[in-house]
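I opened the notebook to go through ring contacts and then strand pairing. The entries follow the order in which I looked things up.

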Amino acid sequence: MPTSPEENPNPNPNNKLKLSAAPANKRRLSLSDIWYNKDTQALKQLVLQMRAQSVSSSTTPPSESESDIQSLTLDDPEPTRFGSSPDYTAVLSDKLLLSVLSKVPEGQHVANSLVCKRWCKLSGKLVRYIKLLDWEFLESGRLSYRFPGLIDIDLVRACVKSRRNSGIVMSHRLISVHLDSSSIDGGFVKEEGFWGKEVVDGGVKVLVEGCGNLRRMVLMNASVEGLGYLGEKCETLQELELHCCDDFALKGLFGCRNLQILKLVGCIDGLYNSMVSDIGLTILAQGCKRLLKLELVGCEGSYDGIKAIGQCCQMLEELILCDHRMDGGWLSALSYCSNLKTLKLQSCKVLDSSPGPDEHLGSCSTLEELHLQQCQLRDKQGVRALFMVCATVRELVFADCWGLDNAIFSAASVCRSLRFLSLEGCSLLTTEGLDSVVQSWKELERLKVVSCNNIKDSEITPELATLFSVLKELKWRPDSRSLLSSGLEGTGIGHKGGRSLRRK
């Protein structure tokens, strides 16, 4: 009997069983399935789809390679340099690949830049801060080409001539550089040890032409021309740190209209000795009227310079003086700083050698915080004048100050509105001296006493203990030696013939 083509003359029951066991709908492969199953064909197709989507969503005119996306085959990606495996990222647009690279941690950018030239260029666009060591890298233009997205750069080390294999390192709290033995003379670095002003100005021009969006820069030995060009081209510059510059070089800051934070380093003992006097401070005040924070390190000056800053920089909120060389009487000029909220004195050998009569001191009515760090406080007259000018402060901080005994500390009792006191490393102050002053501050809310070895727990009076009970915050660790001994009590450590922490 003839059979029709649709009929199977020899039906196999096993085939029917297989058909009935097959799933109705096959599950679509996920990205993890493609990756772990090493499905290269599906992976190629996925990359091409991502490439096509990025090209179609772009608003810019397509390039030649993008217009030919439809003509790409699945075997087009070229092999990598170090192997025969194809580079699947080659079909991704720069915008898409840059978005992917921006998601990885910053510490991975250096490793990513070593993959290939394209990754190196894209990774450079993600770098925002650099501390330059080689001046030639800047002069050649490679810096701005390699890192066009910089917003923060430190050029101080590159401004010092030094060999890369130099074993001499000069370290300071503000700077650390490698030096040659021939560049040191009389305790200071010779002028030949720094790049000249013309060289520095030329490097600044090359930098700002390629990186016009800088917001912060640290610079050394620049002239008025270099600073003027910087202010003209970098309108977004908000923070500037200048080392080793003189008075008249500060005229270049007139172009920095949006400058808000300025750190001026005039002299660093053992490294360089440049002079910034009242002339420079007056020029600075007239050119940078939008300053919010000003730090003067190793600068000279007097009443006139501080007065000019207070009158011109009416938005100034924070003033820092580090190792100043101010003439006597400068403290009374702080009364012209009508908006000053924070005053910090650091590493000052003398606060004010001749503050003048009390009626001429005035006061800074808006001041809220006063910080004294590593200062010499043996001059009672200068300390007393400082507290009278800063009588309205609400936060008072002493950190590792020399000469702060009971008599000097008693001058702080004029600060009636004090709410926070911090004492750290003040070994001459006793419990009695602390008690007599703290009791006069009726608004005190927070107290911090650390490493003041002459303040003893056993000498705390009942009145002082009552004050401690009503404070909102108390950090009491005055005698570090007694705290250590109490913590080791019962362990046998610290006694003759006792245990030792030394490894056997």
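How many aromatic pairs does the count come to? I took the rule as rings of Phe, Tyr and Trp (its six-membered ring) with centres within 6.5 Å, where planes under 30 degrees apart are stacked, over 60 edge-to-face and the rest tilted. The count comes to five aromatic pairs.

I looked up Phe398 and Phe409, which form an edge-to-face pair at 6.0 Å centre to centre with 65° between the planes. Phe398 lies in strand 18 and Phe409 in helix 15 (residues 406-409), so this pair ties together parts 11 residues apart in sequence. Helices (H or I, at least four residues) and strands (E, at least two) are DSSP runs, numbered from the N terminus. Phe398 and Phe409 are both buried, where buried is under 20% relative accessible area, exposed over 50% and partly exposed in between (1.4 Å probe, protein chains only).

I noted the source before going on. This is a predicted model, in which local features need pLDDT of at least 70 and side-chain atom pairs count only at pLDDT 80 or more, while totals for chains, interfaces and linings use all residues. Residues are numbered from 1 along each chain as its sequence is written, and side-chain values use heavy atoms, with hydrogens and water left out.

Back to the rings. Phe387, Phe398, Phe409 and Trp441 form one aromatic cluster.

I then checked charges over rings, meaning NZ of Lys or CZ of Arg within 6 Å of the ring centre and within 35 degrees of the ring normal. Arg446 has its charged end over the ring of Phe420, 4.3 Å from the centre. Lys205 lies over the face of Tyr229, at 5.6 Å from the ring centre.

Next I followed strand 19 (residues 420-424), where four of the five residues are buried. Strands pair if DSSP finds at least two bridges between them. Strand 18 (residues 395-399) runs parallel to strand 19, joined by five bridges, and Val397 has Ser422 as its bridge partner. Five bridges also join strand 19 to strand 20 (residues 446-450), again parallel, with Glu424 opposite Val450.

Is strand 14 (residues 318-322) mostly covered or mostly open, and how many of its residues are buried? I found five of its five residues buried. Glu318, Ile320 and Cys322 are on one side, Leu319 and Leu321 on the other. Strand 14 pairs in the parallel sense with strand 12 (residues 293-297) over five bridges, and with strand 16 (residues 342-346) over five bridges.
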